[in-house]
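Me: Could you walk me through reading the contacts between two chains, step by step?

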Amino acid sequence: VLHTTRALHTAQQRLAPLPPLPEKGGEVRYGLIPEEFFQFLYPKTGVTGPYMLGTGLLLYFLSKEIYVINHETVAAACILSVIIYGIKKYGSDVAAFADKLNEEKVAKALSVKNEAIKDLETAIEQEKKEQWRVEGCKYLFDSKRNNVAMLLETNYRERLLTVYNEVKKRLDYQVAMQNLKRQKEQDHMIQWVERNVAQSITPQQQKESIAKCILDLKALSKTAQAAV
Amino acid sequence: MNLSFFDQFTSPYLLGIPLILLSVLFPTLLFPTPNNRWVTNRLSTLQLWLLNLITKQLMIPLNKKGHKWALILTSLMILLLTINLLGLLPYTFTPTTQLSMNMALAFPLWLATLLTGLRNQPTTSLGHLLPEGTPTPLIPALIMIETASLLIRPLALGVRLTANLTAGHLLIQLIST
């Protein structure tokens, strides 16, 4: 209740950190009389000393009528029994409730700290993942580069082919032209020769050739008859 | 020490020294002073929990400005509660059975509320003298009645506490014989 837990003028007064609360309060016997009283009387009177003292005092007060038994005594007895019954029955529950209040307070503060730690840890993991992803980007860029090179190569080949085809078409045209020209010249020459030959055949020559053909035919017919 | 029924209501004197101040201040010793620890022992935790509960119940309906009254009202409530409960034990003296103490509590507080109301919102506080919805002919009579009730209030408050406690204690005495 009173602040007697501070060491009396032995050290500098320090406000923080506060000394920790002791685990258990002072030991009392029968809830009222501290244990130190019994220990104080023990060397002189042994174990039963304080009890004899108490009984003697009580009987002295009663017999000399220093304490008069009146109606308030009865009231005192009733009230005392009710109080003791209440404490015995609900004392541990009340203590547990007080402890729970303290626990909740501490747990709330701890949860703030733990959640902050967890959030930071997830942030660290995500950061590491992002770094791993960045490393993987190199391969991505290499493949993209290869892709682009291939596209360029293909395009170049296609254009080369187009050029080749165009040039071939032009040359083919020239060749075809020359062929055509020669053909035409040939045909023209043949026709001219035939026309001239046909013109040069006089009727005289025609008759002579026909008579010769008839003689040949007769000769052939003779030999042919012979073969059959 | 022959006790009659009314001996418990006499103000205690020891060799001519009035002990009334001691009996008023004694209940304060039973409450541990809130120290600057964050996690306290069980008694302090329970006391803080109780104070928080009472203050919240008192102050939730009020707006921010009304929270100025939190300290005096809560401490007054806890003091009266402790004094009255301790008076139930035998051979104890309850200061609140003395009319003088109750009037000393009632008069200043009532006057404080009245003057605060008149100072900050004079029209509203005077308007409280007339309940809503009264028929017009009754208005003068009602204002007189309300004023009288306002002025009687401290007397009523003081006497109420005294009478209740005295009757209760006397009843305990009667039943226990």
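Me: How many residue pairs are in polar contact between chain A and chain B?

Reply: A polar contact is a pair of N or O atoms within 3.5 Å; within protein, one must be able to donate a hydrogen and the other to accept it, and residues adjacent in sequence count only if both atoms are side-chain atoms. Here there are four such residue pairs between chain A and chain B, both residues at pLDDT 80 or more. This is a predicted model: local features need pLDDT of at least 70, side-chain atom pairs count only at pLDDT 80 or more, and totals for chains, interfaces and linings use all residues. Residues are numbered from 1 along each chain as its sequence is written, chains are lettered from A and ligands numbered from 1 in the order in which they are written, and side-chain values use heavy atoms, with hydrogens and water left out.

Me: Which side chains meet in a salt bridge?

Reply: Look for a side-chain nitrogen of Lys or Arg within 4 Å of a carboxyl oxygen of Asp or Glu. Chain A and chain B have one salt bridge between them: B:Arg42 meets A:Asp99 at 3.1 Å, N to O.

Me: And how much area do chain A and chain B bury between them?

Reply: The size of an interface is often given as the accessible area lost when the parts come together. Buried area (1.4 Å probe, summed over both parts) is about 2,500 Å² here, with 64% of it on carbon and sulfur atoms. On the chain A side, A:Leu21, A:His71 and A:Glu72 lose the most, together 24% of what that side buries.

Me: How many residues does each chain bring to the contact?

Reply: With contact meaning heavy atoms within 4.5 Å, chain A brings 27 residues and chain B 23.

Terms used
Buried area = accessible area lost by both parts, 1.4 Å probe.
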